[in-house]
Amino acid sequence: MLPLYVTSGEPAGIGPDICLSLADRVDERPIVVLADMNLLKQRAEKLNVQVELIEYQAQTAFSAEGQLYVEHVPLATEVILGQLNAQNAAYVLEQLRRSADYAMTGKSVGVVTAPVQKSVINDAGIHFSGHTEYYQEFAGVDRVVMMLATKTLRVALATTHLPLRAVADAITQERLHQVIDILIHDLKTKFKIEHPHILVCGLNPHAGEGGYLGMEEIEVINPVLESYRAKGINMSLSLPADTLFTPENLKDADAVLAMYHDQGLPVLKSQGFGEAINITLGLPFIRTSVDHGTALSLAGTGLAKSSSLHVAVDLALDLARY
């Protein structure tokens, strides 16, 4: 049975810590962590975690409780807990490269990612915007959509990691058509929602208030939304973001489309931080991720919570069944 690969992320952060918790699981298919074997051994000793690390070699047997499959990815240099080192940036990217390659070539059902530190990769002289953009480029697709989800709320983003001053220019009719097409397609195919109901945030306060607070809703966003509504898609026109996320509005919604990163995600994370996950829509493979960062100060302390990683693994396995 094809495995699910899990990248361990930034070695100085909590990625290795939370990956060790996967040894507590017994799943229907192998789960393989991409990491330096010695790093995991050292971290397990630091955390006093009893785990048997097994070099993965395309075994068909499932790992037993207390065992963890690992594909060894060698570090460039020693890791000091909580201290970033640009020399290990290539190690982090090699995890992503392998995970993407295996998914694209049919050697895995997909990938789950632990957090990385974007800054240290860029400090190494390698331009890196994030996991989402990396996998998009690797897969060679024109557009992907970043969506975060809890058990009760899904929030997709029209733009991802952009400075706020660049967002308005990035909201074009072409981009919105691409994003909405992917969102509708994956809600139907990956999540098996036959007739998705989507709510859409306006870009400006009060969704532009009839043009007094901005014209993007009138000139760009609503014309696109009207075209989908004319096709029978259950989609709102642009709504004020400050009232869209009320329980009454959300009760029948399958997803919310926010215009930018910090418009929708603070609401979602306030509802379910630690239980939320990140899903990349539009890829030709499954990719889910944790909803948190590297938490450098918690590395090796035993205080890091692994709940988001387990929810991400659960969803990836569920999607692999479809």
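Buried here means under 20% relative accessible area, exposed means over 50%, and partly exposed lies in between (1.4 Å probe, protein chains only). The model is predicted: local features need pLDDT of at least 70, side-chain atom pairs count only at pLDDT 80 or more, and totals for chains, interfaces and linings use all residues. Residues are numbered from 1 along each chain as its sequence is written, and side-chain values use heavy atoms, with hydrogens and water left out.

**View 1. Cys 201 and Cys 19 as buried residues.**
Cys 201 has a relative accessible area of 0% and is therefore buried. Cys 19 also counts as buried, because its relative accessibility is 0%. A search of the whole structure finds zero disulfides, a disulfide being a pair of cysteine sulfur atoms within 2.5 Å.

**View 2. Arg 43 in helix H2.**
Helix H2 covers residues 37-47 and contains Arg 43; helices (H or I, at least four residues) and strands (E, at least two) are DSSP runs, numbered from the N terminus. Arg 43 counts as buried because its relative accessibility is 3%. Its side chain makes a polar contact with the side chain of Asp 17 at 2.5 Å. A polar contact is a pair of N or O atoms within 3.5 Å; within protein, one must be able to donate a hydrogen and the other to accept it, and residues adjacent in sequence count only if both atoms are side-chain atoms. The Arg 43 side chain also reaches the backbone oxygen of Gly 13, at 2.9 Å. Leaving aside residues up to four places away in sequence, Arg 43 touches residues including Pro 11, Pro 16, Leu 20, Val 79, Leu 81 and Gly 300, where contact means heavy atoms within 4.5 Å.

**View 3. The open sheet of twelve strands.**
The strand order is S3-S4-S2-S1-S5-S12-S11-S6-S7-S10-S8-S9, with mixed pairing; two strands pair if DSSP finds at least two bridges between them. Strand S3 (52-55) and strand S9 (234-239) are the edge strands, each pairing on one side only. From one strand to the next, the twist averages 25 degrees. Four bridges connect S3 with strand S4 (residues 67-72) in the parallel sense, and Ile 54 has Tyr 69 of S4 as its bridge partner. Helix H8 (residues 216-229) packs on the sheet, touching strand S8 (197-201) and S9, and its direction makes about 170 degrees with that of S9. Axes are lines fitted to C-alpha atoms, for helices over the stretch in contact, and angles run from 0 to 180 degrees between N-to-C directions. Helix H11 (residues 261-272) lies across strand S6 (145-149), strand S7 (154-157), S8 and strand S10 (255-258), at about 20 degrees to S6.

**View 4. Strand S5 and its parallel partners S1 and S12.**
From S5, Gly 110 and Val 112 point one way, Val 111 and Thr 113 point the other way, and all are buried. S1 and S5 run parallel and are joined by four bridges, with Val 6 opposite Val 112. S5 and S12 likewise run parallel with four bridges, and Thr 288 in S12 is the bridge partner of Val 112.

**View 5. Val 6 and the largest nonpolar core.**
A nonpolar core is a set of buried Ala, Val, Leu, Ile, Met, Phe, Trp, Tyr and Cys residues joined through side-chain atoms within 4.5 Å. The largest has 89 residues, of which Val 6, Leu 183, Leu 257 and Met 259 touch the most other members. H3 gives the most to this core, with eight residues. Not counting residues up to four places away in sequence, the contacts of Val 6 include Cys 19, Leu 22, Ile 31, Val 112, Leu 309 and Val 313. A second, separate core has 16 residues, among them Val 155, Leu 157, Leu 244 and Leu 268.

**View 6. Helix H5 and what covers its buried residues.**
His 131, Thr 132, Glu 133, Tyr 135, Gln 136 and Ala 139 are buried in H5 (residues 131-139). Their cover includes strand S1 (4-7), helix H3 (89-104), strand S5 (110-113), S6, strand S11 (277-281) and strand S12 (286-290).

**View 7. Loop residues His 206, Ala 295 and Ala 58.**
Most residues other than glycine have a negative phi. His 206, in the loop between S8 and H8, has a positive phi near 60 degrees; its relative accessible area is 42%, so it is partly exposed. Ala 295, in the loop between S12 and helix H12 (307-321), has a positive phi of about 45 degrees and is partly exposed at 29% relative accessible area. Ala 58 is in the loop between S3 and S4 and counts as exposed because its relative accessibility is 59%. Ala 58 and Met 1 are 57 residues apart in sequence and 8.8 Å apart in space, C-alpha to C-alpha.
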